[in-house]
Amino acid sequence: MTSRSLSFTGPAEDWLEALPIGNGRLGGMCWGGAPARIDLNEESVWSGGPGAEAAQPGVSDDDAAALVRSARSAMLEGRHADAERDLKAAQRGHAQAFLPVGTLVIDTGESVGTGSRNLSLADAVHTSTVGGLVAETFVSPVHDVLVHRVTGAENERPPGIRFASPLRTVSRDERSDGVHVVLRAPIDVAPGHEPQLPAAVWPGPGDESVSVVVDVRWQRDADGLIVLVAVETTFSGPGATHLLPLEDAVRRAAEKITAARRAGVLVVREQHVEAHRELFDRVALESPSDDLVPLLFDYGRYLLIASSRRPARLPANLQGVWNAEMRPPWSSAYTLNINLEMNYWAAETANLAETTDPLVAFIGALADSGRTTARRLGAGGWAAHHNSDAWAHTSAVGEGGGDPSWAFWPMAGPWLLRHLLEHRAFGAGDEAFDARTRELVRGAAEFLLDWLVERPTGRLGTLPSTSPENTYIDGTGTVTSLGETSTMDLALVRDTLTEAASGDDALARRARAALERLPSLSDRAASRGVLEWAREEIEVDPHHRHVSHLYPLFPGASADAAFERAATASLDRRGADSTGWSLAWKMALWSRLRRTDRLDELIELFFRDARDHAGTWSGGLYPNLFAAHPPFQIDGNLGFTAGIVEALVQSHRGEVELLPALPTRIATGSVRGLVARPGLIIDIEWSGGELVRASLSARPGRRTTARLRWRGRTCCVEVRADRASEITPDMFLEAAR
């Protein structure tokens with residue numbers, strides 16, 4: 001495999017030039033240079049606490065349900081403004097923010113020079129060279145510590161260890177071999193789009209918030225200067241109802257430092273690289289004609305591993321596990337109407353199924369807290385709106401004044417459940433996972449069945465309904481987001497109720513009956529494109545970044561030929577240019593439509609210098625190749641990887657299609673290790689856009705007959721776990737005869 005790395009001359013001058021390392025839980029941004037600077041993050045350092053959502057201002061559950069009923073009545077009578085007023089009154093405050101731990105500076109006393117720095121994606125090791133100094137930095141998933149190792153230093157005096165944090169310092173112990181700091185997070189941090197609220201509210205007597213222990217130790221040995229960093233918190237898990245004792249966090253930090261010291265830095269490094277490569281080396285994309293597509297493809301896989309592998313307990317947030325701001329954009333939280341989902345689109349197809357473990361746990365936490373939110377909507381089961389945090393916030397946010405276009409969207413549960421169903425479809429689940437998935441699906445289905453309303457036609461629908469963050473002009477010339485049974489709602493309801501319909505209990509019977517009364521997705525395929533709401537409306541922004549109405553095409557799998565034709569028209573009307581994650585979503589959509597030409601256009605837009613295209617919704621890449629929303633959001637990077645996979649392999653139509661939308665930039669190349677349903681490992685080689693060969697094997701314990709498609713032709717092959725089945729172009733030609 002080609003060595004993939006990001007290389008720069010000189011130290012970083014700002015955060016978007018620094019390079020990310022992480023082990024899923026603990027993250028660092030390495031600036032290089034001497035003295036060395038590392039910005040630290042830890043996944044569970046959030047504002048708030050277990051009671052954060054309940055502490056937000058808002059009406060009672062009964063009053064909220066009454067307001068929702070009032071909004072529904074207003075919608076039935078065509079009074080959209082009144083419905084918006086009621087939904088705003090039913091809102092709670094805001095979700096909490098992901099926060100930085102602080103900045104660590106390590107000064108060896110050597111003279112400062114320009115030097116170079118490099119991040120090896122294959123080894124997950126950052127290397128900085130300045131003069132005779134070579135510093136390696138990595139975060140071990142095995143020992144769960146950050147390691148900074150410096151060789152070539154002639155100065156034997158103790159290094160200068162400086163640590164500063166924007167969090168509140170509870171205690172600080174300067175030791176002969178390092179520093180030990182205890183910090184406290186705020187009890188509340190409001191999002192930046194609520195400027196009327198305090199930037200941070202700090203804990204007083206009796207307040208609960210996360211405590212953070214930072215333990216930094218250094219030593220010299222034959223390997224040079226070794227600095228070990230452990231960061232532990234009192235967080236006890238996603239949706240936690242309590243915090244752990246501070247003493248527990250202090251003990252865990254000390255034990256991890258001791259274990260790493262006992263093992264020795266060379267062993268710690270070796271085990272770190274081995275653990276990382278076990279995931280990273282499963283897939284390799286090569287092309288002699290292009291470096292950037294394979295590099296960005298691998299970078300997305302690297303970032304997913306670094307922000308969501310074990311020992312992570314929380315899923316990757318809007319910025320993965322890296323953030324430098326106390327009031328970060330959109331709180332660096334979890335946006336559930338696209339962004340969290342996009343983070344994990346490549347997890348199954350790019351052979352990183354384990355990285356979904358924190359997401360699965362998080363969905364379970366949302367289901368628990370979401371029962372209250374369902375009650376606030378006058379329904380049973382569980383529901384979640386578009387914004388969440390480490391405490392599994394599920395209420396509609398907005399401070400009583402948020403536009404329903406983004407603040408009212410109780411459909412996050414059905415979309416998130418898509419990941420669990422895909423995990424199973426790709427052959428990655430087990431009996432316990434399947435049982436838990438059924439339980440979560442039933443809870444979401446219970447909510448949907450209560451939420452659906454009968455229309456005068458006898459059909460069922462959702463009312464009020466929004467299409468995430470989009471608006472249209474109603475018959476009175478008023479801008480509104482509220483409508484009836486948006487296409488996104490319809491597709492999600494159909495997915496969830498179809499899954500819940502198996503069996504012969506009362507819920508399954510209700511689900512089957514409801515499915516028969518739902519509108520057809522084919523009804524939404526119009527000549528101008530897919531209808532976003534129940535009727536053709538005039539969008540306020542025809543080029544809106546969200547393309548939620550195209551969910552049935554991707555990441556869903558229910559688009560028929562008529563829907564695909566309409567989706568093509570919709571994408572043409574939306575246009576290509578947009579924010580980073582929107583570009584990535586369109587990449588996957590055009591790949592599903594087998595349109596290499598349109599995919600090529602999006603790739604070029606994605607590769608722009610984000611600092612030269614600073615429009616409100618203009619994507620691109622920052623110097624460290626972080627994707628721009630703008631500002632930085634990691635979903636663009638992770639979505640790019642997913643879009644490239646869809647261009648190489650698709651399996652949602654019940655067959656495995658090879659090279660459906662091969663990008664021109666990689667017209668010659670190869671890929672190995674991709675995964676197709678129902679658990680097939682695929683290698684492909686191509687030249688000049690033409691298939692050369694492919695091979696398929698099954699996951700352990702599986703054996704199946706796979707139907708393959710290439711260039712409109714099909715063939716069938718037996719696929720086993722104990723040996724690979726070889727496929728050549730001739731097999732497709734012979735099958736066509």
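Trp-15 is buried, with a relative accessible area of 14%, and Phe-632, at 4% relative accessibility, counts as buried as well. The model described here is a predicted one.

**Aromatic pairs**
- The structure holds 21 aromatic pairs, and in the pair of Trp-15 and Phe-632 the ring centres lie 6.0 Å apart with the planes at 50 degrees, so this pair is tilted.
- The pair links distant parts of the chain, 617 residues apart, with Trp-15 in the loop between strand 1 (5-9) and strand 2 and Phe-632 in the loop between helix 17 (596-606) and helix 18 (634-648).
- Trp-15 and Phe-632 also belong to a cluster linked by ring pairs, in which Tyr-299, Tyr-302, Trp-322 and Phe-626 take part.

- Five strands, in the order 2-3-4-5-10, form an open sheet with antiparallel pairing.
- Strand 2 (19-22) and strand 10 (160-164) stand at the edges with a single partner strand each, so one side of each has no neighbour in the sheet, and the twist from one strand to the next averages 25 degrees.
- Strand 5 (residues 102-107) pairs with strand 10 in the antiparallel sense over five bridges, and Leu-104 has Phe-163 in strand 10 as its bridge partner.

**Helix contact**
- The axes of helix 2 (residues 61-76) and helix 9 (residues 357-376) come within 7 Å and cross at roughly 50 degrees, and the two helices are therefore oblique to each other.
- Asp-61, Ala-64, Ala-65 and Val-68 of helix 2 make the contact with Thr-372, Arg-375 and Arg-376 of helix 9, and these residues divide into three nonpolar, one polar and three charged.

Conventions. Residues are numbered from 1 along each chain as its sequence is written. This is a predicted model: local features need pLDDT of at least 70, side-chain atom pairs count only at pLDDT 80 or more; totals for chains, interfaces and linings use all residues. Side-chain values use heavy atoms; hydrogens and water are left out. Axes are lines fitted to C-alpha atoms, for helices over the stretch in contact, and angles run from 0 to 180 degrees between N-to-C directions. Helices (H or I, at least four residues) and strands (E, at least two) are DSSP runs, numbered from the N terminus. Angles under 35 degrees count as roughly parallel, over 145 as roughly antiparallel, 65 to 115 as roughly perpendicular and the rest as oblique. Contact means heavy atoms within 4.5 Å. Ala, Val, Leu, Ile, Met, Phe, Trp, Tyr, Cys and Pro count as nonpolar, Asp, Glu, Lys and Arg as charged, and the others, Gly among them, as polar. Two strands pair if DSSP finds at least two bridges between them. Rings of Phe, Tyr and Trp (its six-membered ring) pair if their centres lie within 6.5 Å; planes under 30 degrees apart count as stacked, over 60 as edge-to-face and the rest as tilted. Buried means under 20% relative accessible area, exposed over 50%, partly exposed in between (1.4 Å probe, protein chains only).
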